[in-house]
Amino acid sequence: MGPKLNAMRLGEIPKMLYGGRYVIFLIGMFACFNGFVYNDVASISMSLANSTWDLENTAALNLPVMRNDNWVQPAQLPEGCDRFEQEGYDFVSTTAYCGGEAYAFGVDPAWHATENQLEFLNSFKMKLSVILGVLQMTFGLFLKLTNKLSERDYISVFFESLPEITFMFVFFVYMCFLICYKWSVDYINDPVYRDIAPPDIKTILIKMVLGFGKADNDEMTQMFPDAEFQTSMQQIFVILMLLAVPLMLIPKPILLYLKNKREQGGGAYQNIDRPEEEQALNGGGKEDDSHSAVAAHGHGPFEMGEVCIHQMIHTIEYVLGTISNTASYLRLWALSLAHAELADVFFSMGIAATLNMGSPIAVFIGVIVFFVSTTGVLLMMDLLECFLHALRLHWVEFQNKFYYGDGIAFHPFAYKALLDITE
């Protein structure tokens, strides 16, 4: 089937779609996976397992559903249920929670019946997008490390890659760990955490840097039961983070200068110890290409000032880039929010509104409007937008961690080049 379609004269758009068929298939698979995670199919939730929120008991008690953020234990409720109250400026909102177990997979369908659904899902999606971004950028840093190890560039390994990984771990990976840890803690029923106020992760990170790692329950910066342990650990993280910056900035230019001086700072790079056959196996070795490529790695005339400026720019760009790149991944949250809200509007205006009319013709028209708008806007326009944003994240935020485009030009292996040399 593939060769036949390749031989056909397809139009520009069909040819583009055919060429990207595997990418489109993977996008569809991941979209379905996210639909199960958010429990959202065209703004409709699925009850694949029993909900952990007892809406029946909540309604019987004449209580609003899940309008609480901070909880306190109340008076008696039906067996197996907890009642939580939150005092506001002029109200008390109460919720009944029964079960105590987490939902089997994804978001509990009960959240789709609540007034604070958008607030809850926004927080969840925002944190999830940051976690995905930090994981991808960390993976890019390890790719850079393996590249430097493969090139045997141990100066860059110890004074560039490892400090970059350390900087990423002690702040951004630690932030992701705090997010997941807070998700896993029951601040209501667990006696170990009952006396700890649910901490604010942003405040923890700000106080960690400005307050030298201090953790205090009164300031909502204590995450672990032992505040002293958290303080000591965060102080070590701050020291490592501060040490990583000068390690990226200072040693590499000095070591490159000493290395160049030891080698008597020679001129241009020459292939004097590689036989012609080896050059042919590696792509045919044009002198101009090899000279320009290796000179880009610093094997040409050594300029200490240029190396220092380049290293300073790289260090500043990395330190500031980790913050801006992490924030850039929040576009995943924004796209998900826009997609979910559009789906909700199409369902409400297309199907839900016509069902209340009681007219089969109106329902039929509403279904048509819903499917046309969902297909045209969400499955075509919005999908293209999401693809472009994902492509941008891969190209800028991910690949700038390891790809520089200044290496040796790739020449595919060719028997013809080898035969020409032997002849």
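Visitor: Where is the place of lysine 252?

Guide: Please bear in mind that this is a predicted model. Lysine 252 has its place in helix α9.

Visitor: Is lysine 252 buried or exposed?

Guide: Burial is read from the relative accessible area, and a residue under 20% counts as buried. Lysine 252 has a relative accessibility of 13%, so it counts as buried.

Visitor: Which residues is lysine 252 in contact with, leaving aside its neighbours within four places in sequence?

Guide: Lysine 252 is in contact with Ile155, Ser156, Phe159, Glu160 and Gln311 when those neighbours are left aside.

Visitor: What does alanine 49 touch, not counting residues up to four places away in sequence?

Guide: Alanine 49 touches Tyr103 and Ala104 on that count. Its place is the loop between α3 (21-38) and α4 (55-60). With a relative accessibility of 27%, alanine 49 counts as partly exposed.

Visitor: How many aromatic pairs does the structure hold?

Guide: A pair of aromatic rings is described by the distance of the centres and the angle of the planes. The structure holds 19 aromatic pairs. One of them joins phenylalanine 167 and tyrosine 318: the ring centres are 6.1 Å apart and the planes stand at 65 degrees, so the pair is edge-to-face.

Visitor: Which parts does the pair of phenylalanine 167 and tyrosine 318 tie together?

Guide: Phenylalanine 167 belongs to helix α6 (residues 154-184) and tyrosine 318 to helix α12 (residues 304-328), so the pair ties together parts that are 151 residues apart in sequence. Phenylalanine 167 is buried, at a relative accessible area of 8%, and tyrosine 318 is also buried, at 7%.

Visitor: Which residues form one aromatic cluster?

Guide: One aromatic cluster is formed by Phe177, Tyr181, Tyr193, Phe224 and Phe229. Arginine 21 lies over the face of tyrosine 18, 4.0 Å from the ring centre, and lysine 125 lies over the face of tyrosine 38, 4.6 Å from the ring centre.

Visitor: Which residues make the nonpolar surface patch?

Guide: The patch, of about 960 Å², is made by Leu249, Ile250, Ile254, Leu255, Tyr257, Leu258, Ile309, Met312, Ile313, Ile316 and Leu320. The elements that give two or more residues to it are α9 (251-262) and α12. The largest share, 5 residues, comes from α12. Leucine 249 has its place in helix α8 (residues 227-249) and counts as partly exposed, at 32% relative accessibility.

Visitor: What is phi of arginine 152?

Guide: Most residues other than glycine have a negative phi. Phi of arginine 152 is near 60 degrees, a positive value in a residue other than glycine. Arginine 152 is found in the loop between α5 (117-150) and α6, and it is exposed, with a relative accessible area of 66%.

Visitor: What is phi of phenylalanine 212, and where does phenylalanine 212 lie?

Guide: Phi of phenylalanine 212 is near 50 degrees, a positive value in a residue other than glycine. Phenylalanine 212 lies in the loop between α7 (201-210) and α8. Its relative accessible area of 38% makes it partly exposed.

Methods. Residues are numbered from 1 along each chain as its sequence is written. This is a predicted model: local features need pLDDT of at least 70, side-chain atom pairs count only at pLDDT 80 or more; totals for chains, interfaces and linings use all residues. Side-chain values use heavy atoms; hydrogens and water are left out. Rings of Phe, Tyr and Trp (its six-membered ring) pair if their centres lie within 6.5 Å; planes under 30 degrees apart count as stacked, over 60 as edge-to-face and the rest as tilted. Helices (H or I, at least four residues) and strands (E, at least two) are DSSP runs, numbered from the N terminus. Buried means under 20% relative accessible area, exposed over 50%, partly exposed in between (1.4 Å probe, protein chains only). A charge sits over a ring if NZ of Lys or CZ of Arg is within 6 Å of the ring centre and within 35 degrees of the ring normal. Patches are made of residues with over 30% relative accessible area and no salt bridge: like charges are joined within 9 Å, nonpolar side chains (Val, Leu, Ile, Met, Phe, Trp, Tyr) within 5 Å. Accessible areas come from the Shrake-Rupley method with a 1.4 Å probe; for residues, only the protein chains shown count as cover. A salt bridge is a side-chain nitrogen of Lys or Arg within 4 Å of a carboxyl oxygen of Asp or Glu. Contact means heavy atoms within 4.5 Å.
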